[in-house]
Amino acid sequence: MDDDVRELYQEVILDHGKNPRNFRQLEDANCEAQGNNPLCGDRLTVYLKVDEDRLIRDAAFEGRGCAISMASASMMTQIVSGKTVSQVQYLFDKFHKLCTGEIEEFPQDEFAHDVDKLRVMSGVRQFPMRVKCATLSWHTMNAAVSGDSETSTE
Ligand code: ZN
């Protein structure tokens, strides 16, 4: 990681970790799932409101865990809101591959703004133990839209 990205990474984790966005229960959620990362002790619930066109109208989460898991969940809720289920599944797939080092870069596409955030978050791949912390909320979101009520990183 070069110094700029490292600095930005720490800034983003600190900011979102301290002040998570959309940290609440979503009363009218129609999709929700619980995620569990036993390796670190991260646990969270993701709430989504998905309309009949499979568009995510609102996203929120609650839970407890390390700063990375909370920051990633916070950012995830911001990113998925206003996107379709297939768009967020696409982003999840790419983000996951970026975190595990399967791909080096996001393909250039229309999600440039979100991709910048995810690129910073994927700095976690320097710390293999924390990859599950960073991807937990995305796994959980994916479980929620797929109709599964629970997911675990194990
Ligand atoms: Zn963690």
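Residues are numbered from 1 along each chain as its sequence is written. Because this is a predicted model, local features need pLDDT of at least 70 and side-chain atom pairs count only at pLDDT 80 or more, while totals for chains, interfaces and linings use all residues; side-chain values use heavy atoms, with hydrogens and water left out.

**View 1. C40 and C66, a pair that links distant parts of the chain.** C40 lies in the loop between β1 (31–37) and β2 (42–50), and C66 lies in the loop between β3 (56–64) and α2 (67–80), 26 residues apart. Helices (H or I, at least four residues) and strands (E, at least two) are DSSP runs, numbered from the N terminus. C40 is partly exposed, with a relative accessible area of 34%, whereas C66 is buried at 15%. Buried means under 20% relative accessible area, exposed over 50%, and partly exposed in between (1.4 Å probe, protein chains only).

**View 2. Helices α2 and α4.** These helices pack at an angle of about 170°, with their axes 11 Å apart. Axes are lines fitted to C-alpha atoms, for helices over the stretch in contact, and angles run from 0 to 180 degrees between N-to-C directions. α2 is therefore roughly antiparallel to α4 (angles under 35 degrees count as roughly parallel, over 145 as roughly antiparallel, 65 to 115 as roughly perpendicular and the rest as oblique). I68, S72, M75, Q78 and I79 of α2 meet D114, K117, L118 and M121 of α4, where contact means heavy atoms within 4.5 Å.

**View 3. Helices α3 and α4.** The axes of α3 (residues 85–100) and α4 (residues 112–121) come within 9 Å and cross at roughly 30°, so the two helices are roughly parallel to each other. On the α3 side the contact is made by L91, F95 and L98, and on the α4 side by V115, L118, R119 and M121.
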